[in-house]
Amino acid sequence: MAVPLWFFRSETAQRLRAEGRAEARSESILLLLTQRGIEIPSDARERITTCTDLDTLSTWLTRAITATTAGELFTAA
C-alpha cells in the first residue's frame, strides 16, 4: 500500500515545518542564554519566542554565543 505524500508537499506542511524550526531555534537561544547565566527579561523573552523569521533567529542565536546581556541579541555589534 502506497502512502500518499501530497500532504508533506502542501503549503500547510511547509508552514508547520517552518513554525517548528522557528520554535526550536527560539528555544535554543533561550537555553543558551540561560546556561550562560544571562538574565532574560520578559520583553526579550517575548520578542524571541514570538519571532518567526528564521534568518533573524539565526542571527540572534549566533549573537547569543558571545552576548553578555539579552539585549545584545537585538543590536548589531
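Directly after helix H2, glycine 37 adopts a positive phi of about 80°; helices here are DSSP runs (H or I, at least four residues), numbered from the N terminus. The model is predicted, so that local features need pLDDT of at least 70 and side-chain atom pairs count only at pLDDT 80 or more, while totals for chains, interfaces and linings use all residues. Residues are numbered from 1 along each chain as its sequence is written, and side-chain values use heavy atoms, with hydrogens and water left out.

The mean pLDDT of the chain (the predictor's confidence in each residue, from 0 to 100) is 88, and 88% of the residues reach 70 or more. Confidence is lowest in helix H1 (residues 6-9), with a mean of 65, and highest in helix H3 (residues 42-50), at 96.

Helix H2 spans residues 11-35. Its 25 residues reach 36 Å from the first C-alpha to the last, close to the 36 Å expected at 1.5 Å a residue (1.5 Å times one less than the number of residues). Buried residues (under 20% relative accessible area, 1.4 Å probe, protein chains only) of H2 are Ala13, Ala22, Ser26, Ile29, Leu30 and Leu33.

One aromatic pair is present (ring centres within 6.5 Å, the six-membered ring being used for Trp; planes under 30 degrees apart count as stacked, over 60 as edge-to-face and the rest as tilted). The ring centres of tryptophan 60 and phenylalanine 74 lie 4.9 Å apart with planes at 85°, so the pair is edge-to-face. Because tryptophan 60 lies in helix H4 (residues 54-64) and phenylalanine 74 in the segment after H4, the pair ties together parts 14 residues apart in sequence. Tryptophan 60 counts as buried, at 6% relative accessibility.

Conventions
Helices (H or I, at least four residues) and strands (E, at least two) are DSSP runs, numbered from the N terminus. Buried means under 20% relative accessible area, exposed over 50%, partly exposed in between (1.4 Å probe, protein chains only).
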